Amino acid sequence: MKKVLGALLLGATIVSAFIAYSMYTNHSAKQTAAIEQKQAAKKAEKKTEKKKKTVLKVEDLTYQLKDSRTGQVMKEFKPVHYKDKDVYDQEIKQLASELAKGIDTPMQNIKMDANGSLTGGSKQIILKEAELVKNLQNLNTKQLDVKVPIYETAPNVTAASAQGIADVSLASYSTRFRPSDTSRNRNVQLSAEAINNVVLGPGDSFSYNQTVGERTAERGYQPAPEIINKQLVMGIGGGICQTSSTLFNAIDGAGLQVTARSHHSKHVGYVPAGRDATVSWGGPDFKFTNNKDYPVIIKAYANVNTGVLTVDVRTSQHAI
C-alpha cells in the first residue's frame, strides 16, 4: 500500500512540475513574442521615418530670399522646376533680373560748387544677378534662407583728396556748332552744364543719362533735329549727343575707362567717324569709370556766341 501511495505521489509531483514548466514556457514565449513584436514595430517605424526623410525634395520646399545687407525677407520662392535645369535656369535668371530692376541705382556723382566745396552725391546700389542665380542653383533641403547679394558703393572722393583738383588738364576736346541754331544750342548748353564740375574719385562710375537726366520741355530742353534710324527727325533734346560725344573724346584722351558707348546710325559732323557717343533716355547710355588712383573733375562749357563746346578733364598737380 505504501508503495502504491508513493508511486501516486511521485506521479502527481511529476505532472505538477510538467504543468508548471509548460505554463512558464508559454509565458516566456509570449514575453519573447511581445518583445520581438515591439522590436519589429520600432524597426518598421525607423524605416518609415527614414523613408520620409529621403522623400524631402528641394522642389517641395519654400525658400526665403533675404537682403544680404539687412537680412530682411524680400521674396518667398518655391523652386517647382528645380529638376528641369533649362526651365529652372531661365526662371531664376528672370527672377534675378526682376529683383535687380527694383534695386539697382546708379551712382550720383559728387559735384564741386563755385566755392570749391563738394556737394551732392549718392551711393551706387547693385544686385549681383549672376551671384544670386548661382545661389538659387545650389539649393538644399537644410538651408531655406537664400542670400540676395546686394552691394553698395559710395562716391570715393573727399574734400582733402579734391584739393587743387582743377589745376592740371589731363585732356581737353572741343567741337563746333552753329550759333544760329538756338534751340539745338540750348540743349547743348543745358547738357554741358549738367556734366560740368562732376568729380570722380578712384573707381567711381559715370552715367551720362543719370547725370544729365531726362530731357523734357519742363526742364528747358527744346525741339531740335536728332538722328533716329539713319534719319534726321525732330525731338526734345536734339543736340545732347554732341555733348556726350565731346565728353567721350575728352575722357578717352585722359585715359579713363569707357564701359558703355554706342554709335549713331548715321555719321555726325562734329566728330570724326567712329568717335561719337549716342545717347537717349531709356536707351543707349554713355558710361565710363575713373580708373586712376586719384580724383578727376570734368569741366564743360558751351559758348553759344562762338559755337564752341569744350570738355576738359582735370586733376591736381600733386596727383600725377
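At what angle do helix α4 and α6 pack, and how far apart are their axes? In this predicted model, helix α4 (residues 182–195) packs against α6 at an angle of about 45°, and the two axes lie 7 Å apart. That angle makes α4 oblique to α6. The points below begin with the chain as a whole and then return to this helix pair and to the sheets.

**The chain as a whole**

- The secondary structure of the chain consists of six helices and 16 strands.
- Of the 320 residues in the chain, 35% are buried.
- The chain has an accessible surface of about 18800 Å², and carbon and sulfur atoms account for 54% of that surface.
- When contacts between residues at least 6 apart in sequence are considered, 67% of them join residues at least 24 apart.

**The pair of helices α4 and α6**

- The crossing of α4 and α6 is right-handed.
- On the α4 side, the residues that meet α6 are R184, N187, V188, S191, A192 and I195.
- Their counterparts in α6 are I240, Q242, T243 and L247.

**Residue S244 in helix α6**

- S244 belongs to helix α6, which covers residues 240–254.
- Is S244 buried or exposed? S244 counts as buried because its relative accessible area is 0%, and the cut-off for a buried residue is under 20%.
- Leaving aside residues up to four places away in sequence, S244 touches Y208, A277, V279 and F286.

- Strands of a sheet pair through backbone hydrogen bonds, and the pairing may be parallel or antiparallel.
- M112 has L118 in β4 as its bridge partner.

**The three-stranded sheet**

- Another open sheet has three strands in the order β2-β1-β6, with mixed pairing.
- Its edge strands are β2 (73–77) and β6 (145–148), each of which pairs on one side only.
- From one strand to the next, the twist averages 25°.
- How many bridges join strand β1 to β2? Four bridges join β1 (residues 63–67) to β2, and these two strands run antiparallel.
- The bridge partner of Y63 in β2 is F77.

**Helices lying across the three-stranded sheet**

- Helix α2 (residues 85–101) lies across β1 and β2, and runs at about 160° to β2.
- Helix α3 (residues 129–137) lies across β1, β2 and β6, and runs at about 165° to β6.

Terms used: Residues numbered from 1 in each chain as written. Predicted model: local features only at pLDDT ≥ 70, side-chain atom pairs only at ≥ 80, totals over all residues. Heavy atoms only, no water. Pairing = 2+ DSSP bridges. Axes fitted to C-alpha atoms, helices over the stretch in contact; angles between N-to-C directions. Contact = heavy atoms within 4.5 Å. Buried < 20%, exposed > 50% of the residue type's maximum accessible area, 1.4 Å probe, protein only. Areas by Shrake-Rupley, 256 points an atom, 1.4 Å probe, with all protein chains shown as cover. Parallel < 35°, antiparallel > 145°, perpendicular 65-115°, else oblique. Left-handed = near helix turned anticlockwise from the far one by under 90°.
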